[in-house]
Amino acid sequence: QVQLVQSGEGSVQAGGSLGLSCTASGSPLSGGTISDLYMAWFRQAPGKHREWVAGIRSDGTVRLRPSVKDRVTITLDNSKHTVTLQIVNVKPEDAGVYYCAADSDGQSYYGSLRPSDGYWGQGTQVTISS
């Protein structure tokens, strides 16, 4: 089993920067190690479906949602098994619950991971103040 624990300040001023972290521990049920996992960030605005924001592979390859790619950075520290998400120039539409996700098959990386599959963090409520 893999556990994902999120951290970071979720209250952000419009135009400011959002920074979240997610640390993985344990071992995937499907085999391999947590160092082999794909990792990603999703978010869910009130009344909307969960949407994929960014993904990263163990080799450092990154995929970003086109609508936010100019403002988003995702990083992976392999030694600490920690993935981060940074959004600069935060906008009101960035508000929502942010979830860290991981899986062994790449579904999180490509944004197709369902909430009932893979591994998920506890969620972080992100609010944008104007």
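Predicted model: local features only at pLDDT ≥ 70, side-chain atom pairs only at ≥ 80, totals over all residues.
Let us begin with burial: a residue is called buried under 20% relative accessible area, exposed over 50%, and partly exposed in between, using a 1.4 Å probe and protein chains only. Residues are numbered from 1 along each chain as its sequence is written, and side-chain values use heavy atoms, leaving out hydrogens and water.

Now to the sheet. Strands here are DSSP runs of E with at least two residues, numbered from the N terminus, and two strands pair if DSSP finds at least two bridges between them. An open sheet of 4 strands runs in the order β1-β3-β8-β7, with antiparallel pairing. Because β1 and β7 each have a single partner strand, they stand at the edges, with one side of each left without a neighbour in the sheet. β1 and β3 pair over 6 bridges in the antiparallel sense, and Ser7 faces Ser21 in β3.

The structure has 1 disulfide, joining Cys22 to Cys100 with an S to S distance of 2.1 Å. It links distant parts of the chain, from Cys22 in β3 (residues 18–26) to Cys100 in β9 (residues 96–103), 78 residues apart. Both Cys22 and Cys100 are buried.

What about the interior? A nonpolar core is a set of buried Ala, Val, Leu, Ile, Met, Phe, Trp, Tyr and Cys residues joined through side-chain atoms within 4.5 Å. The largest one has 26 residues, and those with the most contacts inside it are Leu4, Leu18, Met39, Trp41, Val83 and Leu85. Strand β3 gives the largest share of this core, 4 residues. Another core, of 8 residues, lies apart from it and includes Trp52 and Trp120.

Finally, look at the aromatic rings. Rings of Phe, Tyr and Trp (its six-membered ring) pair if their centres lie within 6.5 Å; planes under 30 degrees apart count as stacked, over 60 as edge-to-face and the rest as tilted. Tyr99 and Trp120 form an edge-to-face pair, 6.2 Å centre to centre with 85° between the planes. Tyr99 lies in β9 and Trp120 in β10 (residues 119–120), so this pair ties together parts that are 21 residues apart in sequence.

Notes. Disulfide = S-S within 2.5 Å.
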